[in-house]
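Please look over the sequence and the structure shown here before reading on. This briefing moves from the overall form of one chain to a few selected details.

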Amino acid sequence: MTRPSGLPQPEGPYPPTDEMLAEPVPKDVQEAQAKRLRAAWETPKGWRYVTAVNNTEVGKWYCLTALVFMLLAGVMALIIRLQLAVPENDLVSADRFNQLFTMHGSAMMFLFAVPMFEAVSILLLPGMLGARDMPFPRLSAFGYWCFLIGGVFVIGSIFFDAAPRAGWFMYPPLATEDEGPGSDIWLLGLSFIEVASIAAAVELIVGTLKCRPPGMRVNIMPLYAWYVLVVGGMILFAFPPLIAGDFLFELERSFDWPFFDPTRGGDPMLWQHLFWIFGHPEVYIIFLPSIAIAAMIIPTVARRPIFGYSWIVLSAVGTGFLSFGLWVHHMFTTGLPSISLGFFSAASEAVVIPTGIQIFAFLATLMAGRVKMTLPMLWISGALAIFTMGGLTGVMLALAPFDFQAHDTYFIVAHLHYTLFGGMVFPVIAGVYYFFPFIQKRLMSDRLGKWAFWLTFSGFNLCFLPMHLTGLWGMPRRVYTYPGGLGWDWLNLISTVGAFVIAAGFATFVWDLIRPKHKQAQIPRNPWDGGTLEWTHDVPEEAWGVRSIPHVTTRYPLWDQPDMLARLDAGRYYLPDAEEGKRETLVTSVIDAEPVQVQRVTGPTWITLWAAAFTGGAFIFPTFSWYTPATISGALAICCIIWWLWTATAQVPEADSKDVGLGLRLPTYSAGPASVGWWAIWITMLGDATAFASLVFGFFFYWTASPDFPPDGAAHAVPGLIALAAAAFAVNWGLTVGARQLNRAGRVTPARICLVGAPLVAAAGAAALIYAVVELEPASHVYPAILWALAIWIAVHSGAGVIMQVYCLAGSLFGKLTPRYDADIWNVSLFWHFVTISALVTCAVLGLAPGAL
Amino acid sequence: MLGGAVVLWLLVNGAFYYLSRVRTGEFDQRYARHILIGGGIVLPVVVLTALLVWGLSILPDPRRPGDGLVVRVTGEQWWWRVEYWPEGADAPVLTANEIRLPVGQRTEIHLTSDKVIHSFWIPALGGKMDMFPGRETMISLLPEKSGTYRGQCAEFCGASHAWMAFAAVVMEPADFDRWLASEAADAVPPSTDAAARGERLFRSEGCGACHAVRGTENIGQVGPDLTHVGSRQTLGAGRLKVTIDDLSTWISHTDVLKPEVKMPTYDLELDQLSDLAAYLEGLK
Amino acid sequence: MTEEHQPRRDEDQKEFAEEQASLFKITLAPLIWAAHFAACYGLVAVTCAKGWDIDAVRFGLLVASGAALCGIGWVGLTAWRQWNVAQTGDFVNRGGRAEDRHHFLGHAAFLLSIISLIGVVFVSLPLVLIGGCQ
């Protein structure tokens with residue numbers, strides 16, 4: 001049993017009584033508080049603006065960057081459509097065309113759809129939750145800069161005729177054998193962005209779980225927050241398999257380790273599995289947050305609470321789960337046993353049910369409400385019309401016999417664009433119109449909005465409706481041209497015309513978005529009469545997020561708690577002040593949102609930019625096989641991140657607790673499960689464990705798929721060294737946890753001794769593991785290659801773990817880590833829980849598999 | 001299925017339109033609950049269960065045993081290597097870029113690939129089946145009507161994926177047997193002077209390093225077997241017709257007609273081209 | 001609803017433990033679905049690749065389907081009791097009290113068990129309708 005740290009517990013009355021809330025705040029106090037708050041949250045000006053980390057700024061940059069990437073990918077689509085307008089066209093070469101469609105898909109998925117979810121959520125979520133900011137603002141900024149660098153790198157390659165060209169799905173052996181840097185750009189550039197995506201997902205999950213306003217229990221969270229939670233969870237389980245796949249793929253590209261090469265025991269099907277285990281949930285990762293926007297707009301339009309809140313929660317969670325059982329429907333024609341196809345066919349049909357429930361919950365809300373049509377609602381109606389169509393063709397495609405015909409034809413192109421336009425593009429644009437007043441404190445034009453809608457909507461159907469027929473008439477996807485006289489000519493021409501009508505619609509929308517609006521009169525604070533917390537925003541804008549963090553007891557507080565807004569503005573609620581001049585937000589408990597801590601959040605900084613730039617170098621240089629600069633860059637990135645953590649996280653506070661208003665005193669520091677950092681590590685490591693599990697899956701996949709795995713007479717890992725490694729990792733774990741317990745107990749010197757021993761033992765364990773496989777020839781066969789890959793995975797993680805242990809030791813020596821303030825070592829031991837399990841599993845696979853298989 | 005989809009689409013979107021535009025007032029909550037449970041759970045469960053049971057029951061078995069003939073097709077970048085293995089044969093009949101099948105008989109088509117993944121697809125005869133390097137997949141087809149159909153690669157396989165097609169000819173069994181016998185025979189010798197000159201050119205330009213013309217010294221296996229190229233329906237895997245003009249165009253513009261193809265473009269005199277084309281066209 | 005705070009710690013912890021359990025319960029039914037799905041897919045894949053006895057595996061998996069359905073049914077039943085709609089008549093659970101949240105978690109878990117039930121039935125259909133490893 002761990003001894004309590006001695007830090008104070010929350011003290012004082014909670015929840016607040018009506019009398020407490022009704023008591024007015026004196027005017028002069030209000031003004032003094034507002035002044036201090038404004039100073040603490042001030043956005044840096046001039047060239048320092050880029051150092052901002054506030055969610056409203058980072059969110060805006062994120063959205064705009066994703067929009068620019070989307071427009072670029074859209075232009076690529078227009079070139080594609082021009083090329084296909086007539087048969088045997090030679091507007092672009094085959095190679096250029098293949099780069100264009102590869103980049104169109106990759107950019108739309110990785111540089112637009114997923115980042116857009118994260119961007120919008122970073123921008124809106126704190127507002128909806130009445131929080132000042134995300135829990136880790138610098139992490140959002142870091143994620144954004146990574147995204148920008150990686151995105152520019154990936155999409156820029158097309159201007160140098162060096163873009164990836166094996167399709168956004170990068171199937172080996174086509175992609176592995178491709179000459180030129182295209183595939184590496186895809187792999188490394190997008191892995192870099194995926195890491196940033198996971199960082200954002202971690203932040204969003206922690207934000208939703210731990211930064212809700214007091215009183216907002218899980219049953220009254222805005223639906224958007226539920227979706228963020230589900231989608232964040234999905235990202236954690238969907239992206240890591242792809243990262244594991246990327247890891248193997250890049251090892252094959254760089255060092256010729258034959259993971260996907262059938263001549264040396266590899267199997268291209270493994271990539272297909274890993275890719276689509278990511279790829280299908282990805283569709284729902286894109287779709288759910290957009291439908292979440294609809295779930296915010298529809299109650300406002302219907303002027304009543306959402307009908308069937310629990311049903312929508314069910315639908316989001318249910319879709320999240322079921323979407324992981326669909327991936328093989330992208331592989332129906334690979335010759336798998338029919339019975340396996342049957343499972344995926346069944347799950348693909350089953351997922352329709354929660355999706356349908358969502359739509360019927362919206363219908364029911366409109367039915368029970370008094371509908372007031374608005375422009376955002378028009379876009380939502382368009383989304384529904386398009387999405388239901390894509391859903392219905394999806395039901396057909398889930399039936400394997402139909403898919404055998406339609407697979408890889410233009411029918412699929414039509415289907416996927418119907419689901420993505422209906423399920424993502426239209427709702428997001430609806431969201432832009434709806435939330436623009438919240439973001440920019442201005443309104444967009446109703447007239448231009450209608451023009452944009454009708455152009456996009458009609459253009460979309462003109463472009464994609466005929467493609468169903470083109471596909472059924474046999475036109476395959478991804479062809480740079482086609483022979484005339486097969487009946488495809490006029491259908492393609494119509495599609496091309498439609499594509500340009502869509503472009504006109506987008507142009508109108510973008511113009512409306514960016515046109516100067518300075519002359520516009522100040523908007524009303526709650527222009528749509530919404531009921532959720534984001535509409536308590538300040539007009540004109542304030543950077544503090546919310547003047548004071550309210551106590552929320554209803555799903556639509558602006559409708560149901562009539563006194564709330566005035567009290568909030570007066571600073572009657574929590575954290576109305578910034579006495580110490582520090583940025584702070586409230587941490588609450590996961591289920592019932594009881595206030596538990598005041599979290600100091602970080603402010604503007606250059607370090608995130610540097611960290612992102614060097615991380616970018618570490619990913620980008622290997623594309624050109626510049627391994628030395630990459631290593632230096634990686635080392636600098638680690639230094640930057642250590643500096644950032646050392647100077648800004650888990651700081652010893654000037655006082656153990658502080659008054660947060662309404663008589664409540666909350667601790668200013670916490671460690672272990674009570675702290676947001678611990679949750680972040682936990683969630684990150686869950687994703688990391690998924691990636692590791694994918695590698696182990698790979699090992700057993702080879703065993704299943706191939707009769708000679710491991711091959712007869714193959715050399716195995718050295719058993720003695722494996723046993724040594726396992727023992728070392730176990731001892732290291734004991735020392736790390738021991739250091740944590742000893743330190744908490746006040747026995748600082750023994751704790752430090754443990755922290756000296758642990759990194760040495762961990763390094764020895766990693767070295768033993770590498771030595772166990774060092775004699776094997778990874779380029780000769782997939783068996784030694786996968787053993788090597790597992791060993792490297794563990795060694796790299798051990799390296800990170802050793803740095804963390806040394807960081808804790810330094811913290812202990814320099815007073816950052818004490819028996820009372822010990823968050824760092826809690827987080828590090830949590831990290832080691834996961835890595836130790838991975839390491840022991842690896843030792844078991846390496847050591848026992850040769851005998852068992 | 002299409003009709004059902006249209007009806008469902010109209011129902012959902014009609015309801016949406018009606019509720020958001022026509023009758024915007026409040027309904028009783030009871031109705032709302034009915035529409036949520038009825039539309040969200042009951043209706044989809046009934047429809048989807050029926051569809052799924054139907055879909056699973058008609059799931060074709062691509063590995064059903066055939067009636068004897070086996071055709072082995074290898075996907076290459078970007079053409080099709082085709083071997084016919086009649087029942088009991090010890091050696092295959094080799095050809096390329098054309099599949100001929102007897103009508104009314106189930107033929108097993110064994111599929112593999114040399115380097116990257118392709119997908120074998122004759123839309124009129126059946127679904128797709130992917131072709132993997134280092135692995136054999138199978139699709140068995142039972143053509144019911146004779147005629148010529150178009151087949152093509154459905155999996156993106158590189159620069160000239162668009163030009164990886166073939167003709168699938170379904171013939172009466174007797175015709176098929178006759179055709180197979182003639183296909184198994186060696187190449188006919190050139191019958192005109194031009195063709196004879198072309199034959200010499202074929203050798204001197206080194207065409208035989210990649211292409212085989214059985215019965216001659218040309219035994220290359222890198223590219224398509226040309227023993228009976230003159231009798232095929234298409235040239236260059238569905239790219240052109242097999243005429244003297246098209247053959248000349250192909251030889252002199254290969255890289256334009258089929259980007260990144262391995263076969264080099266031959267810069268020959270016009271008369272040489274027509275001689276070579278005449279020789280190939282004569283390989284019936 | 002406001003006057004009673006400062007509950008004793010142990011009470012607090014007991015309640016938290018209970019709600020942790022019900023948060024877990026929300027995902028329990030879909031987790032059973034996922035485990036069942038993974039077992040079906042994994043076992044059939046290995047069986048077909050290694051040439052084991054597919055009929056025995058199908059039978060075993062159908063038994064597993066039955067077990068999964070029972071498990072989900074049990075989750076659904078306890079969730080239904082937790083929701084307690086028969087007594088409260090509250091289909092919405094939008095209140096701000098601990099009790100509302102408690103009922104809500106039951107409601108959501110109940111609905112998810114229905115979806116998971118349908119999912120397991122659907123995934124079991126191929127086991128019945130499709131024979132060997134074609």
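The model is predicted. In chain A, the secondary structure comes to 26 helices and 4 strands. The radius of gyration of chain A is 27 Å, close to the 29 Å that the globule rule gives for 853 residues, so chain A is as compact as a globular protein of that length.

**Chain A as a whole**

- Taken along the principal axes, the box that the C-alpha atoms of chain A fill is roughly 80 × 75 × 50 Å.
- Of the 853 residues in chain A, 64% are buried.

**Where chain A touches chain B**

- On the side of chain A, 61 residues are in contact with 59 residues of chain B.
- The elements of chain A that give two or more residues to this side are α4 (94-128), α11 (338-350), α12 (352-368), α13 (375-397) and α14 (400-406), and α12(A) gives the most, with 12 residues.
- By residue class, the side of chain A that touches chain B divides into 37 nonpolar, 19 polar and 5 charged residues.

**A sheet in chain B**

- In chain B, 5 strands form an open sheet with mixed pairing, and their order is β4-β10-β9-β6-β7.
- The edge strands of this sheet are β4 (98-102) and β7 (128-131) of chain B, each of which pairs on one side only.
- On average, and with direction ignored, neighbouring strands of this sheet are turned by 25 degrees against each other.
- Strand β9 (residues 147-153) and strand β10 (residues 165-171) of chain B run antiparallel and are joined by 6 bridges; B:Y149 has B:A168, in β10(B), as its bridge partner.
- Helix α3 (residues 173-184) of chain B lies across β4 and β10 of chain B, and the helix runs at about 135 degrees to β4(B).

**One residue of chain A in detail**

- A:A795 lies in helix α25 (residues 782-813) of chain A.
- A:A795 counts as partly exposed because it has 18 C-beta neighbours inside 10 Å, whereas a residue needs 20 or more to be buried.
- Leaving aside neighbours within four places in sequence, A:A795 is in contact with A:A766, A:L769 and A:I770.
- A:A795 and A:A768 are 27 residues apart in sequence, and their C-alpha atoms are 9.7 Å apart in space.

Note on methods
Residues are numbered from 1 along each chain as its sequence is written. Chains are lettered from A and ligands numbered from 1 in the order in which they are written. This is a predicted model: local features need pLDDT of at least 70, side-chain atom pairs count only at pLDDT 80 or more; totals for chains, interfaces and linings use all residues. The radius of gyration is taken over C-alpha atoms; the globule rule is 2.2 Å times the number of residues to the power 0.38. A residue is buried if 20 or more other C-beta atoms lie within 10 Å of its own, exposed if 12 or fewer, and partly exposed in between; C-beta atoms are placed from the backbone. Two residues are in contact if their C-beta atoms, placed from the backbone, lie within 7 Å. Ala, Val, Leu, Ile, Met, Phe, Trp, Tyr, Cys and Pro count as nonpolar, Asp, Glu, Lys and Arg as charged, and the others, Gly among them, as polar. Two strands pair if DSSP finds at least two bridges between them. Axes are lines fitted to C-alpha atoms, for helices over the stretch in contact, and angles run from 0 to 180 degrees between N-to-C directions.
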